[in-house]
Amino acid sequence: MTHKHLMAVTGALLALAVTAGPAPAQGVVTDTSQRTLSAGGVGSVKPEPDDRRSNRSIAEAVEAAQGPALDAAVAAAQVRAQRLATAAGLTLGQLISVQEPSG
């Protein structure tokens, strides 16, 4: 008997405005409209179908898991963005855009 493992997986790409740290160095651009940081994240959630033998039940469980998987992907991207900003001596600003990869 072959067991198939179900997983709802999605990704998110965030673009956030960044500003230089407390004391911008000479020549640093302070106009945040031209400074962004992009970070990606992946989230996965295990679907729990009511009936593992029913394609409809499986499809419904996978669809229901997509929302939580996207939430996890966005959270992972936010953590990654903060780590990148901190390492670069930058401060994260407002969220500019969110993209979900297609396919």
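Modeller: Let's start at glycine 89, which takes a positive phi of about 75 degrees just after helix α1. Helices here are DSSP runs of H or I with at least four residues, strands are E runs of at least two, and both are numbered from the N terminus. Keep in mind that this is a predicted model, where local features need pLDDT of at least 70, side-chain atom pairs count only at pLDDT 80 or more, and totals for chains, interfaces and linings use all residues. Residues are numbered from 1 along each chain as its sequence is written, and side-chain values use heavy atoms, with hydrogens and water left out.

Now back up into the helix. α1 covers residues 55-87, 33 residues in all, and reaches 46 Å from first C-alpha to last, close to the expected 48 Å (1.5 Å times one less than its number of residues). There's a bend of about 30 degrees at glutamine 66, with proline 68 following within four residues; that angle is between axes fitted to the seven residues ending there and the seven starting there.

Which residues of α1 are buried? Ser57, Ile58, Ala61, Ala65, Ala69, Ala73, Ala77, Ala81 and Ala85, where buried means under 20% relative accessible area with a 1.4 Å probe, protein chains only.

Leucine 16 touches Ala81, and its other contacts include Leu37 and Leu92, counting heavy atoms within 4.5 Å and skipping residues up to four places away in sequence.

Technical notes
Buried means under 20% relative accessible area, exposed over 50%, partly exposed in between (1.4 Å probe, protein chains only).
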